[in-house]
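Visitor: Could you walk me through the strands of the model shown here, taking one step of reasoning at a time?

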Amino acid sequence: MIKRQGSFGWKWASRAAFALTPALSVVSIAACGGAAASGTGEAKAPLSTQADDEAAADVSEHHRHHHHGGIAMFIAMSLDTLGVTPEQRAGVDKIEADLFSRMEPARAAEQTVLETLADGIAAGAIDAAKVNAALAQLATASAGIHDATAEALNQLHTALTPEQRGALVDKVEAHWALWQRANADEADTTPSAPAGGHLRALAKDLELTPDQIAKIKSNLGTAVKDSPVKPDPQKIEAHLQAFGAAFRAEAFDAKTLSTGGAANAQLASWGATRIALMFESVTPVLTPDQRTKLAAQVREHAEHKESPTG
Amino acid sequence: MNKYSRMVDTLRRIAPVLGLVGAALLLPGCYAGVDDDVAYYPSAGFVATAQPVFYEGHASYWYNGHWVYRDGGGRWGYYHSEPGYLAGRRGGGPGGYQRRTYERSAAPRRR
C-alpha cells in the first residue's frame, strides 16, 4: 500500500516536472527575449540636475524677472526648441509672434514695475505705493492674456502633430518647474539656510557679504510675511493640468479652459510681487556702488523684449 | 522495459533538475543585463531647453548616453540600444540646432 502510494506520487511528480520544464524554459526565454526584443526600459530620476540647470541659466534668469505672460510665455518659449519641421517653421513662427504680440500690454505693465523699482534702487528708497499701483496694472493685464491668446493656441494645436503637442506640454511643465526653482527665495529665509535662486544670483553679481545676505534674508522674511499677495501654486498647477490634458487631445479649444485667466494673473502677480519684495529688502542693505550696479541690471531687464528672433 | 521506455523514464527523473538548473542559469543573467544598463530621465532644465527627435510617436531626447522618451502614461522610458533612426540625430536632428539664448549666456550643454 505504502509502496503503491509512493510510486503513484513519484509518477505524478515526474509527469508534472516533465510538463513544467519546457514551460519554465519558455518563461525564461520570454523574460530575456522580451526585454531584448522591445529594447526599452524605464528611466530613473536624474541624480543631479546642476549641469542641466547651468545650461538653462539664461532661462532661469528670464523666469526670475519676467512673469507677465504667465503660462502663455512658457508655451511661447517652448516653441523655440520643439523641433518642428522646416515646413512647419514659418507657420509656427507666425503663431509665436502673435502670442508675443498678445502679451504686449502685460509686458509694458511689467516694464513699468521694473523701471519703478530701478529708480528706487538707484535712489536708495523704493516708492512702495507707486510699485503697488504698477503691480495692480500688471495683474489686470496678465489676467486677460489667456482670452487674448486663445485663438493663437487653437492655431498652434492645429499646426502641430500629436507627438509635438505632447512634447510641448512636457516643455511647458518643465518651464513651470524652472520658474519655481528660480523664484524660491521665500521658502527659507533663515540666515543659515543657503540662498535661493534670486538671492544666490544677486550675491554673486553684487559680491554681497555674508552679513549683507543675512540682513537681506531677515528683511525678506518680514516682507513676505506681511505681503497681501501670497503664492498659490495650486491655481497654476490646476491650469497646467487642464491645459496639458486638453492640448494632448485630438480636439482642442483654448476658449473652453476656464482656469487660464486666474493662473496667469497669479503667476504674474506673485512673480512680480516677489521681485519687488526682494529689491525692497535688498536696497537698504547695499552700498552706493552695489545699488548703481543693481539699478542698471534691473533697467536692462525692464527693456527686455521677447520675440521669435530672440 | 525497452530502450525507449528507459529513456523516457530517465528524462522524467532528471527533468526537475534540468528545469531548476536552467532557470538558475538563465534568469539572473538575463536580469543582470538589464540592471547594468541604467538610464536617467532628463531634468526640467534639460527638457525646457533641448530639442527632441520624434520617433515611434514620441519625443526622444539624447540624455546622459541614452535616448529617453516619455510614454503616453507619463513614464520615462529609454532604449537599451540606439535605434538606427536616432543614431546621428543626437544634436537634435540633422545639422543640430541653435536654441535662443534668453537674458545672459548659458553654460554649454553636456552631450
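Guide: Gladly; this is a predicted model, and one definition comes first: a residue is buried if 20 or more other C-beta atoms lie within 10 Å of its own, with C-beta atoms placed from the backbone.

Visitor: Which residues point one way from β3(B), and which the other way?

Guide: In a regular strand the side chains alternate between the two faces of the sheet. In β3(B), B:Trp67 and B:Tyr69 point one way, and both are buried. Pointing the other way, and likewise buried, are B:His66, B:Val68 and B:Arg70.

Visitor: Why is β3(B) largely enclosed by the rest of the structure?

Guide: The strand is judged by the burial of its own residues, and β3(B) is largely enclosed because the buried ones number five of the five.

Visitor: What is the bridge partner of B:Val68 in β4(B)?

Guide: B:Val68 is also the bridge partner of B:Tyr61, within the antiparallel pairing of β2(B) and β3(B) over four bridges. Towards β4(B), β3(B) runs antiparallel with three bridges, and there the partner of B:Val68 is B:Tyr78.

Visitor: Which strands are the edge strands of the open sheet?

Guide: The five strands follow the order β1(A)-β4(B)-β3(B)-β2(B)-β1(B), with antiparallel pairing. An edge strand here pairs on one side only, which holds for β1 (40-42) of chain A and β1 (53-55) of chain B.

Visitor: What stands opposite A:Glu42 in β4(B)?

Guide: β1(A) and β4 of chain B, residues 76-79, pair in the antiparallel sense over three bridges. Within β4(B), the residue opposite A:Glu42 is B:Gly77.

Technical notes. Residues numbered from 1 in each chain as written. Chains lettered and ligands numbered in written order. Predicted model: local features only at pLDDT ≥ 70, side-chain atom pairs only at ≥ 80, totals over all residues. Pairing = 2+ DSSP bridges. Helix = DSSP H or I, 4+ residues; strand = E, 2+ residues; numbered from the N terminus. Buried ≥ 20, exposed ≤ 12 C-beta atoms within 10 Å, placed from the backbone.
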